[in-house]
Amino acid sequence: MYKILVCEDEENIVSFLEAELRFEGFLVDVAGDGEKAIELFKENEYDLILLDIMLPKKNGLECLREVRKIGGVPVIILTARKDVYDKVAFLNSGADDYITKPFETLELIARIKRNIERVSGMRGVKVNHTGLRVDSENYRVFIGEAELSLTKTEFEILNYLNTNQDKVKTRDEILNAVFGDFYGESNVVDVNVKNIRAKILKYTNQEVITTVRGKGYVIRV
């Protein structure tokens with residue numbers, strides 16, 4: 001049975017969401033402010049978070065950033081604000097989806113199920129704070145909800161760095177891991193990393209692959 005954390009301070013919305021989600025078979029915890037939301041998140045395992053923007057004590061964006069430092073649980077933003085800049089800010093900070101109040105119940109439930117099913121199919125896939133998910137078995141890469149379209153070489157380089165998170169890898173190490181006994185120019189790594197970054201930047205402005213001058217590349221946890 002899937003468990004959802006509802007972070008919302010409007011009592012009428014909380015009562016409605018609790019009733020609808022429990023009717024659909026979900027377990028539900030509720031946090032009425034941002035500090036309580038982070039406290040519950042750290043103490044429990046959730047399959048999805050419904051996160052309001054305008055929370056007391058700690059706002060939704062602050063909560064999202066803290067959640068993303070810990071894990072890749074799907075986060076759907078709930079808000080009455082329709083400004084596209086708000087939407088972009090939350091998606092760039094690692095939100096998986098965004099729904100505007102007032103919302104249709106059927107649409108919300110469908111979005112919840114879709115996000116849970118997507119991530120459930122990737123249990124055990126290594127996730128970092130940027131929302132990067134690399135499914136090495138199926139050759140798929142996600143930034144939040146968006147799937148990247150990578151060449152085989154780009155995927156192999158990204159997968160190698162992701163498997164070795166927090167370990168700086170030299171160009172030669174990357175070449176050997178991806179190509180085996182490779183005798184070409186090491187700038188093939190730089191070219192592919194540049195291409196990967198360009199594709200990632202379509203979905204987030206967070207730095208996923210960090211250049212370590214004089215050493216190589218690393219993906220930070």
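I number residues from 1 along each chain as its sequence is written, and I use heavy atoms for side-chain values, leaving out hydrogens and water. Since the model is predicted, local features need pLDDT of at least 70 and side-chain atom pairs count only at pLDDT 80 or more, while totals for chains, interfaces and linings use all residues.

**Helix α8.** I took helices (H or I, at least four residues) and strands (E, at least two) as DSSP runs, numbered from the N terminus. Helix α8 covers residues 187-200, and its 14 residues should span 20 Å at 1.5 Å a residue; the expected span is 1.5 Å times one less than the number of residues. The end C-alpha atoms of α8 are 20 Å apart, which agrees.

Next I looked up which residues of α8 are buried (under 20% relative accessible area, with exposed over 50% and partly exposed in between; 1.4 Å probe, protein chains only). They are V189, N192, V193, I196 and I200. These sit on the same side of α8, because they cover an arc of only 105° around the axis, taken from the directions from the helix axis to the C-beta atoms. Their cover includes β7 (140-143), α6 (152-163), α7 (171-179) and β11 (216-218).

**Cavity.** I searched the whole structure on a 1 Å grid over the protein atoms alone; a cavity is a set of points where a 1.4 Å probe fits but cannot get out, a pocket is an open set with protein on both sides within 12 Å along at least five of seven lines, and lining residues have an atom within 4 Å of a point. I got 1 cavity of 30 Å³ or more. The largest cavity holds about 50 Å³, the volume being the space filled by probe spheres set on the points, with grid points joined across faces, edges and corners. Its lining includes L5, F41 and V75, and α2 gives the largest share, 3 residues. By class I count 10 nonpolar, no polar and no charged residues there.

**Pocket.** The second largest pocket comes out at about 210 Å³. Of its 16 lining residues, L91, A95, I143, E145 and Y203 lie nearest the centre. The lining divides into 6 nonpolar, 5 polar and 5 charged.

**T79.** I found T79 in strand β4 (residues 75-79). T79 is buried, at 1% relative accessible area. Beyond four places in sequence, its contacts (heavy atoms within 4.5 Å) are D52, I53, Y98, I99, T100 and K101.

Conventions. Nonpolar A, V, L, I, M, F, W, Y, C, P; charged D, E, K, R; others polar.
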